[in-house]
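User: Please take me through the labels used for this model, setting each value against its cut-off.

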Amino acid sequence: MTEVAAVEPRLADVAYEQVECKSALNPVKNMMFSWSLNPYTGCEHRCAFCYVRAFERRADRPSDDRYGRTIRVKVNVASVLRSELARKSWKKETVVVGAATDPYQPAEGRFKLTRQCLQVLREFSNPTAMITRGPMIIRDVDVLGELARRAELHITFSIPTLDDEIWRRTEPGTAHPRQRLKAVEKLVTAGIDVGVGMAPILPGLSDRPELIEDVVKAARAAGATGLWAAMLHLKDGTREHFMSVLDRHWPELVPRYERAYRDRAYLPQFFGESTMHEVARLRSLHGVSDRRRVILKPPPEPEQLSLLN
Ligand code: SF4
């Protein structure tokens, strides 16, 4: 692994604000799932491309470098979840854990709220899906293994690239992608269904065919049950912060991004089409399925702000 000089402090000063939540499950519209659950609000991983920055902007909260430095910790989330799952009206629909914040961000090491929620989901044998970049998930393999035996469980590990420089500069708070791959392997060995989400792919950076192939091959070697990919999208709030990171580290790409994302959050189809074809070709070449059990892209629309509760 190439050593890359630190460009941002890996550990930020983070304030934890402990709060009591009134509800644990959030209804979600226009997505492939109906319920989300976020034990934390805010994410210490502070990815430059995080779509939650756009929501923070709309909610008049900081979406720049200050994002992810104050985390709201829902200390009673597991007991609230238990009472919600016990309701007669609950139809045992899939609950997606971590749609708006990473359930295995550093706070989880201290507060263990994700673990507590998984224990409740296990108790009720409730179908569950989860998306994370956090290898800390391995700590909970006992609960996850039991949940997988009782109900449908699917985990997606976000691994956009294995390139050290791109990872370091765009994901200042996450564990190295190779640690995530080790976690994928351990979960698969424990009989858990784990896929890889190669997202977001960054035009002119992580869209190089050899970098895409690295992820596809590594996902296959780790035993991932599927792989999906999506190009970067930049909504207001995310856009300003991402462009500042781009300008700091890859200024030569700024004009290209300004052209590609001018007046729009999503790349026009023809920009990303060849990359998606390359992903499909490499997936087929290396025998990786495109199975995508829970789609977390496109991101939620403004009316879905409840995702962030
Ligand atoms: S891990 Fe996910 S929620 Fe957290 S900052 Fe990165 S993209 Fe956002």
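User: Why is Glu-123 called partly exposed?

Analyst: Glu-123 has a relative accessible area of 42%, and because buried means under 20% relative accessible area, exposed over 50% and partly exposed in between (1.4 Å probe, protein chains only), Glu-123 counts as partly exposed. This is a predicted model, in which local features need pLDDT of at least 70 and side-chain atom pairs count only at pLDDT 80 or more, while totals for chains, interfaces and linings use all residues. Residues are numbered from 1 along each chain as its sequence is written, and side-chain values use heavy atoms, with hydrogens and water left out.

User: What makes Glu-123 and Arg-82 a salt bridge?

Analyst: The term requires a side-chain nitrogen of Lys or Arg within 4 Å of a carboxyl oxygen of Asp or Glu, and the N to O distance for Glu-123 and Arg-82 is 2.9 Å. Glu-123 lies in helix α4 (residues 113–123) and Arg-82 in helix α2 (residues 77–85), so the pair ties together parts that are 41 residues apart in sequence; helices here are DSSP runs (H or I, at least four residues), as are strands (E, at least two), numbered from the N terminus.

User: How do you know that Asp-140 is buried?

Analyst: Asp-140 has 0% relative accessibility and therefore counts as buried. Its salt-bridge partner is Arg-115, with the closest N and O atoms 2.8 Å apart, and Arg-115 is likewise buried, at a relative accessible area of 18%.
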